[in-house]
Amino acid sequence: MPEVGLGLWCIAGFLGIGVLATILGRRAFATALVYGLTLVVALAAVLVALTAVLGGAGPTSVVLPIGLPGVGAHFRLDALSAFFMLVVNLGAAAASLYAIGYGRHEHAPMRVLPFFGPFLAGMNLVLLAADAFSFLLSWEFMSLASWTLVVSNHREPANIRAGFIYLLMASFGTLCLLVAFGLLATAGGGDFTFAGMRGATVGGSIAAMATVLALVGAGSKAGLVPLHVWLPLAHPAAPSHVSALLSGVMTKVGVYGFVRIVFDVIGDYSSWAGLVVVLAGGATAALGVLYAVMQRDLKRLLAYSTVENIGIVFIGLGLALAFRANGQSGAAALALTAALFHVFNHAIFKSLLFFGAGAVLTATGERDMETLGGLIHRMPQTAVVFLIGCMSIAALPPLNGFVSEWLTFQAILLSPQLPQWGLKFAVPAVGALLALAAALAGACFVKAFGVVFLSRPRSPAAAAATEVDGFMLTAMLMLAWLCILAGTLPGFVVDALAPVARQLAFVSLPPQAGLPWLSLVPVADSRSSYNGLIIFFFLIASGTMTAVLVHRLASRETRRSAIWDCGYPLDSPVTQYTGSSFAQPIRRVFGTVAFGVVETVDMPRPGELRAARFRLRVRDPAWRFLYGPLARAVMGGAIRLNRLQFLTIRRYLALVFAALIVLMLVVAIWR
């Protein structure tokens with residue numbers, strides 16, 4: 001059976017698990033059974049995807065007699081869809097294993113179990129769909145299934161608001177994709193299959209409109225600024241294993257939608273499109289990490305960090321478009337490989353971090369970092385794997401996050417070869433934004449790990465925390481090892497991405513796995529090289545040697561004195577550094593300009609016994625300047641139009657008569 005058929009059987013398995021969960025969801029064993037079955041099916045889908053990516057057998061297709069009359073439902077598995085299928089199901093397998101333990105703590109499992117399998121099925125269906133109707137139907141199915149998981153804890157008003165905004169943004173994105181496919185199908189003579197659109201001659205204006213619509217439609221699902229507003233609301237609202245899928249996996253389906261439409265179906269590489277995508281990616285990366293630094297809710301911080309990483313991915317995609325438009329295939333392959341490598345990396349370390357946040361939430365019942373602290377003593381294994389995730393997302397060598405960001409910088413350094421002056425100026429500026437984002441990401445996750453796991457407990461819940469169960473720890477350890485392996489042996493990942501690069505950029509990077517000392521040389525030895533394995537062993541050797549020397553040569557004499565207390569003599573958790581105080585310098589520099597931060601200090605007068613209060617309000621500029629005014633305009637218009645429900649009969653007749661005259665004038669002018 002071809003790989004696409006096996007992929008469809010895996011999707012059928014996910015749907016069947018949803019039906020089974022609906023029937024048996026109230027039984028005591030349902031949680032372990034459902035998540036265990038999704039783990040098995042996800043691992044089977046991983047094998048199918050690996051076979052398609054590494055086997056080199058070429059794309060396989062199947063047409064089912066469903067869907068549009070005379071068209072059917074077309075499904076195709078090629079290198080691009082197989083790579084994203086690998087990312088999706090690797091995350092699904094980890095989330096399923098994690099959920100076997102985490103699901104025991106769910107208060108309403110029947111609001112999660114029946115929709116978990118269909119959500120995974122919807123994401124895989126999007127990746128295999130090869131016609132516009134099947135793609136959009138799968139896209140909406142994925143959105144609705146994930147929406148049910150976002151509002152699973154429906155008793156919280158904030159979760160209902162998050163679900164509403166998520167559904168609104170998802171519908172808007174689908175509308176944009178629908179119009180984009182309509183334009184492409186019209187240019188292709190009414191053929192709604194991707195093959196027919198791909199073979200059509202698309203005019204410049206139609207290609208431009210379709211590219212912009214694809215960027216907006218897929219970008220709303222991926223989390224591009226200013227279409228990101230649903231992420232920080234939906235991700236904290238969902239259960240933690242679902243949050244990992246929403247942030248680490250589903251956003252990559254949005255990236256896939258953009259790549260499939262622009263790189264594959266349209267195929268009209270233009271420098272202006274590269275410029276627009278690069279600028280959108282740079283702004284998203286910088287603003288996303290600034291949003292993240294200022295958060296005190298751990299899951300909201302991770303959600304905003306996803307916005308930053310999606311920006312990094314789109315920087316690579318925009319560079320690939322620009323290089324390909326100018327015939328620089330090698331540079332395009334480098335930029336595309338960097339973007340896809342970061343897709344893989346982000347799916348791993350962001351899932352790991354959300355699992356860590358879920359473990360903290362399970363052990364303490366808290367997401368507010370200001371009420372945590374000292375968990376490294378209570379949850380040492382979680383602390384270690386969370387630290388690995390923080391180092392990865394902060395792009396520290398030798399972990400995987402560094403490699404993909406380093407490759408992106410290598411592509412940026414090739415930008416002087418571009419002939420367009422707009423790109424010559426824009427790409428270095430975006431490189432500076434990327435460097436700023438990388439530095440702020442380091443500060444952000446120093447804050448996250450330090451405030452949550454170090455210092456002293458700030459609440460009784462943190463002081464009484466205990467380590468989570470083996471299923472949750474195993475899932476986190478597995479992803480932590482993948483972060484290490486992908487960072488120390490990146491050549492194997494780059495070689496695995498070669499079929500995707502050849503499909504989209506027509507060339508790939510030179511083989512990397514066979515280079516001496518397993519080095520990574522994306523351009524040339526004299527220009528750039530990286531060896532994560534040597535750095536890894538150097539860090540281990542130097543750390544071990546330092547520890548041995550300290551223990552061998554240090555004095556054994558004991559001296560007792562008062563420790564340095566940072567100016568706070570009181571032995572109280574209240575006096576230690578908090579997340580808000582850690583972010584204050586960054587907030588003072590960027591907050592007023594970028595976010596309209598409002599700080600209010602209520603200081604009691606001398607003699608008053610009430611406590612002083614400090615209030616901080618951080619406003620997302622997307623809400624302040626775009627969605628807020630738009631919502632107020634819609635509400636104002638709806639209130640005015642509501643008066644039409646209370647007219648007299650004569651006014652209704654006059655209104656109908658006026659509408660008839662206007663329609664007749666339109667028809668006359670049209671003819």
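Mentor: Let us begin with the elements: helices (H or I, at least four residues) and strands (E, at least two) are DSSP runs, numbered from the N terminus. The model is predicted, so local features need pLDDT of at least 70 and side-chain atom pairs pLDDT 80 or more, while totals for chains, interfaces and linings use all residues. Residues are numbered from 1 along each chain as its sequence is written, and side-chain values use heavy atoms, without hydrogens and water.

Trainee: Which element gives the most to the lining of the second largest pocket?

Mentor: Rolling a probe the size of a water molecule over the atoms shows where empty space is left. On a 1 Å grid over the protein atoms alone, with a 1.4 Å probe, a pocket is an open set of points with protein on both sides within 12 Å along at least five of seven lines, and lining residues have an atom within 4 Å of a point. Here α23 gives the most to that lining, with five residues.

Trainee: Which residues lie nearest the centre of the largest pocket?

Mentor: They are N153, N159, P236, A237 and A238, out of 30 lining residues, and α6 (157-187), α9 (231-237), α12 (298-325) and α13 (329-364) each supply at least two residues of that lining.

Trainee: What does F258 touch?

Mentor: Contact means heavy atoms within 4.5 Å. Leaving out residues up to four places away in sequence, F258 touches A214, L215, A218, F263, V277, F314, L317 and L321.
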